[in-house]
Amino acid sequence: MAYTLKKFVLEKPTLAFRFLMDTFEIRMGEAQKMIDKRRVFVEGEQLLKKSTVIVGNISVVVFEGESRGLAPVFETEDFAVFEKPSGVMMHPRKRSDGYTLNDEIKSLYGNDANAAHRIDKSTSGLVLVGKHKQAEIELKRLFATRQVQKSYLALVHGKMDDVLMIDEKLKRDVETSQIRLKVHVDERGKFSQTKITPLHYFKDKNATLVEAIPYTGRQHQIRVHLFHVKHHIVGDPIYGVEEEDAERFLDGTMCLDEQITLTHSSRLLLHAQTLAFEYKGIFYKIASQFDAKIEFYTLMKG
């Protein structure tokens with residue numbers, strides 16, 4: 001379990017955020033965030049105000065990384081690159097989420113280490129991690145200013161012959177969908193651009209391996225753009241299936257056999273393949289060793 005409950009007896013009245021700073025050796029902002037997230041309890045009651053003076057029995061919910069041995073594929077003094085498996089979340093949203101990539105990051109590099117960007121739980125591939133706070137800030141700045149070039153590999157339904165530059169605005173689908181995270185093409189949305197290059201057509205499966213380069217970083221961008229051009233990604237349990245089926249998948253009530261029947265794979269066949277960026281005057285281009293042509297072909301069923 002990534003989250004654990006730690007108990008303390010505080011004999012001297014102390015400001016709550018000061019107690020957290022001293023106990024866990026963290027900055028004031030991090031201490032205040034723990035209180036904001038309702039992770040501190042005094043005599044069994046949830047602490048709501050950061051400036052409260054506390055004393056007595058204190059309980060704190062803390063994240064403790066539990067490694068499963070996933071090592072980085074590349075690292076420097078300031079950052080590391082991991083290959084996240086499909087089905088593993090970036091970080092836990094609640095105590096019951098269990099193992100996430102954050103377990104490995106915190107286990108190896110401590111509490112100040114964090115991922116500089118995100119990829120979906122269902123997507124596998126490269127994730128860039130800052131080993132300390134300053135590296136995280138700089139790497140996130142590179143992503144925010146579009147100075148990181150990313151490419152993905154995907155297996156899509158149907159035959160694609162030509163390179164496509166998809167310029168379609170994307171918007172969270174809160175009006176017509178009951179799925180909060182679902183996105184769709186909408187003129188009222190944010191500018192989004194993806195370049196799709198066909199790499200190999202598998203005639204026996206009527207599917208095409210493509211390279212996808214997102215020039216913007218919208219949620220589900222590649223998945224939605226490919227769905228929009230009628231070539232949705234094999235194994236996608238949200239785009240390309242009925243909404244009630246997508247809801248059952250997200251709720252965890254869909255069995256694996258049904259998922260394979262509906263989506264033609266046990267997982268989303270999308271992989272973050274390369275990362276390219278300049279950091280401290282050095283240009284890095286990191287490529288995954290994942291063989292999508294073989295792996296995705298094997299994973300596609302029916």
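**Questions about a predicted fold**

Modeller: Let's start with strand S15 (residues 270-279) and strand S16 (residues 282-287), which are joined by six bridges and run antiparallel. Keep in mind that this is a predicted model.

Colleague: What makes S15 and S16 count as a pair?

Modeller: Pairing takes at least two bridges. S15 and S16 have six, so they pass the test and count as paired. One of the bridges sets Glu278 against Phe283 in S16. The two strands form a hairpin with two residues between them, and Lys280 in the turn has a positive phi of about 55°.

Colleague: What other strands pair with S15, and in which sense, parallel or antiparallel?

Modeller: Strand S8 (residues 124-130) pairs with S15 in the parallel sense over two bridges, and Gly125 stands opposite Ala272 in S15. At least two bridges are needed, so S8 and S15 still count as a pair. S9 pairs with S15 in the antiparallel sense over six bridges. There, Lys150 has Leu275 in S15 as its bridge partner.

Colleague: Why is S15 called mostly covered?

Modeller: Nine of its 10 residues are buried. To be buried, a residue needs a relative accessible area under 20%. Helix H5 (residues 221-228) is mostly covered too, with six of its eight residues buried. Those buried residues are Gln221, Ile222, Arg223, Val224, His225 and Leu226. Just after H5, Lys230 takes a positive phi of about 70°.

Colleague: Which residues touch the most other members of the largest nonpolar core?

Modeller: Leu155 and Ile233 do, in a core of 34 residues. Strand S9 (residues 149-157) gives this core its largest share, five residues. Apart from that core lies another, of 17 residues, among them Phe17, Phe19, Met34 and Val42. As background, nonpolar side chains tend to be buried together in soluble globular proteins.

Colleague: What does Ile233 touch, leaving aside neighbours within four places in sequence?

Modeller: Its contacts include Ala154, Leu155, Val156 and His157. Ile222, Arg223 and Leu226 are also in contact with Ile233, as are Leu268, Leu269 and Leu270.

Colleague: How do you know whether Phe17 is buried or exposed?

Modeller: Phe17, which lies in helix H1, has a relative accessibility of 15%. The cut-off for buried is under 20%, so Phe17 counts as buried. Not counting residues up to four places away in sequence, Phe17 touches Met28, Ala31, Gln32, Ile35 and Lys50. Phe17 and Lys49 are 32 residues apart in sequence, and their C-alpha atoms are 9.5 Å apart in space.

Colleague: And Thr100, buried or exposed?

Modeller: Thr100 has 0% relative accessibility. That is under 20%, so Thr100 counts as buried. Thr100 sits in the loop between strand S6 (79-84) and helix H3 (101-109). Beyond four places in sequence, it touches Phe63, Val88, Met89, Met90, His91 and Pro92.

Colleague: How do H1 and helix H2 (residues 28-36) pack, and which residues meet?

Modeller: They pack at an angle of about 115°, with their axes 9 Å apart. Their crossing is right-handed. From H1 come Ala16, Phe17, Leu20, Met21 and Phe24, which meet Met28, Ala31, Gln32, Met34 and Ile35 in H2. These contact residues divide into nine nonpolar, one polar and no charged.

Colleague: Where does helix H1 (residues 16-24) lie relative to the strands?

Modeller: H1 lies across S1, strand S2 (40-42) and S4, running at about 120° to S1. Those strands belong to an open sheet of four, ordered S1-S4-S2-S3, with antiparallel pairing.

Colleague: Why do S1 and S3 count as edges of that sheet?

Modeller: Strand S1 (3-15) and strand S3 (45-46) each have a single partner strand, so one side of each is left without a neighbour in the sheet. The partner of S1 is strand S4 (residues 53-63), joined to it by 10 bridges and running antiparallel. Val9 stands opposite Asn57 in S4.

Colleague: What does the whole protein come to?

Modeller: There are eight helices and 16 strands. Of its 302 residues, 47% count as buried. The C-alpha atoms fill a box of roughly 75 × 50 × 40 Å along the principal axes.

Technical notes
Residues numbered from 1 in each chain as written. Predicted model: local features only at pLDDT ≥ 70, side-chain atom pairs only at ≥ 80, totals over all residues. Heavy atoms only, no water. Contact = heavy atoms within 4.5 Å. Axes fitted to C-alpha atoms, helices over the stretch in contact; angles between N-to-C directions. Left-handed = near helix turned anticlockwise from the far one by under 90°. Nonpolar A, V, L, I, M, F, W, Y, C, P; charged D, E, K, R; others polar. Buried < 20%, exposed > 50% of the residue type's maximum accessible area, 1.4 Å probe, protein only. Core = buried A, V, L, I, M, F, W, Y, C linked by side-chain atoms within 4.5 Å.
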